[in-house]
Amino acid sequence: MSQSIETLLNEQRIFMASDEFRVNATHSDPDIYKIAQSDRLGFWEAQAAKLDWFSPWQSVLEWQRPFAKWFVGGTLNASYNCLDVHLPTDRRDKAALIWEGELGDVRTLSYAELHDEVARFSSVLMARYGIQKGDRVTIYLPLIPESVVAILACARIGAIHSVVFGGFSAQSLIDRIHDSGSRLVITADGGYRRGKVIPLKDIVDEALEKCPSIEAVVVVRHVGNPIHMHAGRDDVYQEIMAETSDLQDALPMDSEDPLFILYTSGTTGKPKGIIHTTGGYMTHAKYSTQLVFDLKPSDVYWCTADVGWITGHTYLVYGPLANGATVMMYEGSPDYPDKNRFWDIVERHKVTILYTAPTAIRAFMKWGDHLPGMHDLSSLRLLGSVGEPINPEAWMWYYTVIGKNRCPIVDTWWQTETGGIMISTLPALSPMRPGYAGLPLPGIEAQVLQDSGVPIEAGGGLLSIMSPWPSMARGIWGDNERFKSVYWDTFETYFAGDGATVDDDGYIMVLGRVDDVLNVAGHRIGTMEVESALVEFEGVAEAAVVGVADDLKGQAILAFVILKEGVTPSKELERAAIEWVGKMIGAIAKPKQVVFTPDLPKTRSGKIMRRVLKSVANGQALGDITTLANPEVVDFLERQLNSV
Ligand code: PRX
């Protein structure tokens, strides 16, 4: 890590968008920064006014730290702003979604068709299941058009959606259903991943044995695999949709009515249900998508994230649809059936904007230039990166091999909690520097702070957002105390949990998490979550988990495990422990390696010294270890790791 930071700090290259790009960009007036700065609230009001409101707001912002209310008193509907607003325009019959399945099947839905499907499903949710405003609905689907339909159908009637990534296990699903108190689950028979069927319905069945709050399950028939339907509880989506032609109108929601809950990992074992509300979230989703991606209705815009993550919420569903673009969706894996799948999709569907994660870019780089070289990528005009720091080498590869030196890259920093992009260059306005996210967006005030909370002019520190913004999290579902302590106890302002540097010109480079949250392939995983899973594995007495630098995934998980008396360490046991974590949380949380050890580095009071474990795992200098009670264990661990 320290080596990569050094390389980054020496990064001096600067790139500008081409004249052609700048001339055609929607936002090319540099005054946007000044305008936002001189009247921040007025600027946000102007952005909010670009949505369709049923009734106007009375005040822009009510701020009682740490709880914000934006556009107070106004009413609107998120689904209406993504669908109905386009119906009287020439966007009505153009593609809202182009979906490609892993097997190669393609489905296209125009704005009118997507509207009808969503409105019909809203009507089913209300009439058949009695779902009402404020009810929670869990969505556990593969990346198929019905995931967008389900999200927008909930939003249409004010049901709060809680999307759970389809790669999460039954146990993770149980935890999220319990915490949110959902009434309904929307799932599919299965999904495809690298040609294999993931049996989502079986996973739901297993989870629901422990979820009494769930009254009904809607199952989208997608794969056609055999499934068990529980009479009186389960319905097939296609069947119940065929029974109704009623189109439910979008209901007016208060600006501050919750739109969704999305669970994300923190430093404790329990994921946090981040709450986003309607008016502020939609304002930033629409504004930032147009500004950062220069998104136009003529674009075929492909965000490769799953709807199970915040990127999928804001930049696959709400942002691009509110802007009337054509959204490309691909269900499967980038290497199926071949490693050129992404470039094949870009060529066939004439994708103009590609937004993906550094992990994917590094994998493409490793697979070789000949694969994109086989395809015509000339439709691309802008590239985006999200989820983790992008190393300059991967940035340059993305820029030259995929963008052919003519597509600006936006490196976008943000979080589940921020709801939308906070820091990024603007493609037609700011110079790009590999490794740097850039400047805070107009309307956003971000700074790098010293531990004392004093802003740093130039240098390294902790990233903080200095004033409330419309799409900020409104709390943690059922746990406002945790919301306060995690984000608002460190500084007076919002503490993001990331380390960053800032240059003389205000450019911010985000270095990564400073807490016990790991970032594996752009996915947030709490060390405590993995540790809790490991100690539930038979034979494990104690576990400590750290992140270790990984060429492809950014970070990988390394677990140190103390076994119970009489249990013998073995390769089989290591494999079984890794599988167990996959079963308890999901495949993304599987450790790369489990090291069995008789002891862990501890202080005299018995506290595990995670810092020492991190250094050992990454082969770095140990620093001050005078408080360590058992230094001999460090030698043991170093030998173990070196022997692999
Ligand atoms: O550490 C930062 C990293 O991802 C974290 C947020 O994770 P999540 O809530 O899952 O949202 C991911 C997608 C927005 C941040 O705290 N991160 C996200 N984008 C970047 C990044 N780190 C560096 N550069 C980025 N562009």
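1. In helix α4 (residues 40-48), the buried residues are R40, F43, W44, Q47 and A48; buried means under 20% relative accessible area, with a 1.4 Å probe and protein chains only. They span an arc of only 140° around the axis and therefore sit on the same side of α4. The arc is taken from the directions from the helix axis to the C-beta atoms.

2. The model is predicted: local features need pLDDT of at least 70, side-chain atom pairs count only at pLDDT 80 or more, and totals for chains, interfaces and linings use all residues. Residues are numbered from 1 along each chain as its sequence is written, and side-chain values use heavy atoms, without hydrogens or water.

3. The buried residues of α4 pack against α3 (31-38), β1 (53-55), β3 (67-72) and α11 (278-293). Contact means heavy atoms within 4.5 Å. Helices (H or I, at least four residues) and strands (E, at least two) are DSSP runs numbered from the N terminus.

4. Q248 is in the loop that connects α10 (237-242) with β14 (253-254). Q248 is buried, at a relative accessible area of 19%. Leaving aside residues up to four places away in sequence, Q248 touches A119, S122, S123, M126, R156 and I157.

5. Helices α20 (residues 610-617) and α21 (residues 632-642) pack with their axes 10 Å apart, at an angle of about 30°. The pair is therefore roughly parallel, a term for angles under 35 degrees. On the α20 side V612, L613, V616 and A617 take part, meeting V634, L637, E638 and L641 of α21. Seven residues of this contact are nonpolar, none is polar and one is charged.

Terms used: Axes fitted to C-alpha atoms, helices over the stretch in contact; angles between N-to-C directions. Parallel < 35°, antiparallel > 145°, perpendicular 65-115°, else oblique. Nonpolar A, V, L, I, M, F, W, Y, C, P; charged D, E, K, R; others polar. Buried < 20%, exposed > 50% of the residue type's maximum accessible area, 1.4 Å probe, protein only.
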